[in-house]
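Open the model in your viewer and keep the selection tool at hand. The stops below can be taken in order.

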Amino acid sequence: MFASLALCTLIVLCYVRGSRRVASTESIIPSGGPHTDLAGYSACHKWEVPRLNLDMTPFKEAKLPIIWVLGGPGSGKGTQCVKIVEKFGYTHISSGDLLRAEVASGSDLGKSCEAIMKSGSLVPTGVIMDLMKKAILEAVPTSKGYLIDGLPRELGQAKIFEEEISPCALVLNFEVSDETLKARLLERGKGSGRVDDQNIETILARIETFHQISEPVIKQYANLCKTISAERAVDEVFADVEKALSSLA
């Protein structure tokens, strides 16, 4: 607990000293999963992890669309991504899943990421981007497009993603009230085993961080954003998702 508070305090200090980008609470509070870096924290603590030299030409030539999937924790992003993959043949890429897989692989990069996460620090954005690039390139031969789940968490990451990978073609924003998010996460925590789904204070902090840090991305990309009410049954929500994706046809 005290380590968590200390880390949160450090990030707040980064913010006060001039960095307007802070890490999301999902990254700050230990949850048993990987931590992802946002630019604000790097001002206080830097890890030197070699970048990968990846040629994105095959992806660029394929001209496959990139869709950012946004919404508060518990808004149903993962559920809808599964249905999109089944119906449209898109590739679902989760930043958290990529990090966990890299660590499990035992690669040099995975070992570096594991060491960073065990220290309570945040994996550099550059590393996340490299993992994204690898996953995108691997799926080019069979994919019809990409669902990017877990990125961008804030405007700085959005800019880096578009500079290093590609501009997004569409933003899907799943809108859910705070009360519903809280109830869903508490219910999910009963079976997920995730610490951050079981502690009410952590849940409230994650929701608040989404409003403060991630919602500006939605506002910045309003012209590309399709906001969908996700308070309804899964299939009702997906009917609106299908309509939104039809705009890319």
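How far apart should the ends of helix H11 (residues 200-220) be, at 1.5 Å a residue? This is a predicted model. Select H11: its 21 residues should span 30 Å, and the end C-alpha atoms are 30 Å apart, which agrees.

Stay on H11 and go to Ser214, where there is a kink of about 40 degrees. The proline Pro216 follows shortly after Ser214. Ser214 is also one of the buried residues of H11. Others to colour as buried include Thr202, Ile203, Arg206, Ile207, Thr209 and Phe210. Beyond the kink at Ser214, Val217 and Ile218 are buried too.

Next, show helix H8 (residues 125-139) together with H9. H9 covers residues 155-164. The two axes come within 11 Å and cross at roughly 45 degrees. An angle between 35 and 65 degrees counts as oblique, so H8 and H9 are oblique to each other. Their crossing is right-handed.

Now select Glu154, in the loop that runs from strand E3 (146-149) to H9. Is Glu154 buried or exposed? Its relative accessible area is 4%, and buried means under 20%, so Glu154 is buried. Display the side chain of Glu154 and the backbone nitrogen of Gly156: the side chain reaches that nitrogen at 3.1 Å.

The last stop is Val82, in helix H5 (residues 77-88). Val82 is partly exposed, with a relative accessible area of 44%.

Definitions and conventions:
Residues numbered from 1 in each chain as written. Predicted model: local features only at pLDDT ≥ 70, side-chain atom pairs only at ≥ 80, totals over all residues. Heavy atoms only, no water. Helix = DSSP H or I, 4+ residues; strand = E, 2+ residues; numbered from the N terminus. Buried < 20%, exposed > 50% of the residue type's maximum accessible area, 1.4 Å probe, protein only. Polar contact = N/O pair within 3.5 Å; in protein donor to acceptor, adjacent residues only side chain to side chain. Expected span 1.5 Å × (residues − 1). Bend = angle between axes of the 7 residues up to and from the residue. Axes fitted to C-alpha atoms, helices over the stretch in contact; angles between N-to-C directions. Parallel < 35°, antiparallel > 145°, perpendicular 65-115°, else oblique. Left-handed = near helix turned anticlockwise from the far one by under 90°.
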